[in-house]
Each structure stands twice: as C-alpha cells, then as structure tokens.
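User: I have a model open and want to learn how to read its features. Can we take them one at a time?

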Amino acid sequence: QVQLVESGGGLVQAGDSLRLSCTASGRTSSNAMGWFRQAPGKEREFVAAITHNGGSTYYRDSVKGRFTVSRDNAKSTVYLQMNSLKPEDTAVYYCAVLAWYPSGRANYWGQGTQVTVSS
C-alpha cells in the first residue's frame, strides 16, 4: 500500500511560480509517477508524468515550457515546478503512482493540494 501526500499549493498571482511536492510512504522508486489536476466543474486531467528513474518526462500541451516534473527517489518525493502561472491553471493538483508511463491511469492517488492563480 502506498500513501501520497501533496504540499506546496497556495494562492498566487498570474506570472508567479509554485513548486508542488508529493511524498510517498511505501516504495515508488520502480514506478512512473504523474501529476493531474481538476478545476471546478471539470473532469480531472493529466498534467505531467515522469519515468521511474526520471529519465523521461511527458506533459500536456498547455503546460509545456512552463511546468517541470522531477523526482528524488532517495526522498521518495516527486516535484512539479510551475512557472508563469495562469488563471486557467487554477485547480486541485493530485499526484499519482501511474499504472504505466505515461498513462492516465493511476494505481494510487494523493489527497490533492489547491492551486489558485489570480489575474
């Protein structure tokens, strides 16, 4: 069983940056990890994925060049660096242990962290 805890969300202005963290209890160093988000009234959507060793990453088009996913397996932590934030990035952000890379299916989910970007 794996538990994931996200942190780092908050209220920022457009153009600002945030770094989300996701720390796992349980072994995840052999698993691809991902970030997803869900805005009010919308379905949850894929944001970014990273392979088990960090050697490859994958992003949805709307965040390419602004978001960077990384991981530190020694700390069992995955990060999402978000730069040049836009109001449309406002959502609850979830990390997940992916079923495969770069799948939209996940085996485990965190509880989410709120990101709000004001214009």
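**Backbone, cavity and core**

Analyst: Proline 102 lies in the loop between β9 and β10 (106–109). Strands are DSSP runs (E, at least two residues) and helices likewise (H or I, at least four), numbered from the N terminus. This is a predicted model: local features need pLDDT of at least 70, side-chain atom pairs count only at pLDDT 80 or more, and totals for chains, interfaces and linings use all residues. Residues are numbered from 1 along each chain as its sequence is written, and side-chain values use heavy atoms, with hydrogens and water left out.

User: What kind of peptide bond joins tyrosine 101 and proline 102?

Analyst: Most residues other than glycine have a negative phi, and most peptide bonds are trans. The bond between tyrosine 101 and proline 102 is cis, with omega about -10 degrees.

User: Which value does phi take at serine 76?

Analyst: Phi of serine 76 is near 55 degrees, a positive value in a residue other than glycine. Serine 76 sits in the loop between β7 and β8. Its relative accessibility is 25%, so serine 76 counts as partly exposed. Buried means under 20% relative accessible area, exposed over 50%, partly exposed in between (1.4 Å probe, protein chains only).

User: How do I read a cavity?

Analyst: Rolling a probe the size of a water molecule over the atoms shows where empty space is left. A cavity is a set of points, on a 1 Å grid over the protein atoms alone, where a 1.4 Å probe fits but cannot get out; lining residues have an atom within 4 Å of a point. Grid points are joined across faces, edges and corners, and a volume is the space filled by probe spheres set on the points. The whole structure has one cavity of 30 Å³ or more. The largest cavity holds about 30 Å³ of space. Its lining includes Arg71, Asp72, Ser76 and Thr77. Strands β3 (18–25), β7 (67–72) and β8 (77–82) each supply at least two lining residues.

User: Is threonine 113 buried or exposed?

Analyst: Threonine 113 counts as buried because its relative accessibility is 12%. It belongs to strand β11 (residues 113–118). Its side chain reaches the backbone nitrogen of glycine 9 at 3.2 Å. Leaving aside neighbours within four places in sequence, threonine 113 is in contact (heavy atoms within 4.5 Å) with residues including Glu6, Leu20 and Tyr93.

User: Which residues touch the most other members of the largest nonpolar core?

Analyst: A nonpolar core is a set of buried Ala, Val, Leu, Ile, Met, Phe, Trp, Tyr and Cys residues joined through side-chain atoms within 4.5 Å. Of the 27 residues in the largest one, Trp35, Leu80, Met82 and Tyr93 touch the most other members.

Technical notes. On a 1 Å grid over the protein atoms alone, a cavity is a set of points where a 1.4 Å probe fits but cannot get out, and a pocket is an open set with protein on both sides within 12 Å along at least five of seven lines; lining residues have an atom within 4 Å of a point. A polar contact is a pair of N or O atoms within 3.5 Å; within protein, one must be able to donate a hydrogen and the other to accept it, and residues adjacent in sequence count only if both atoms are side-chain atoms.
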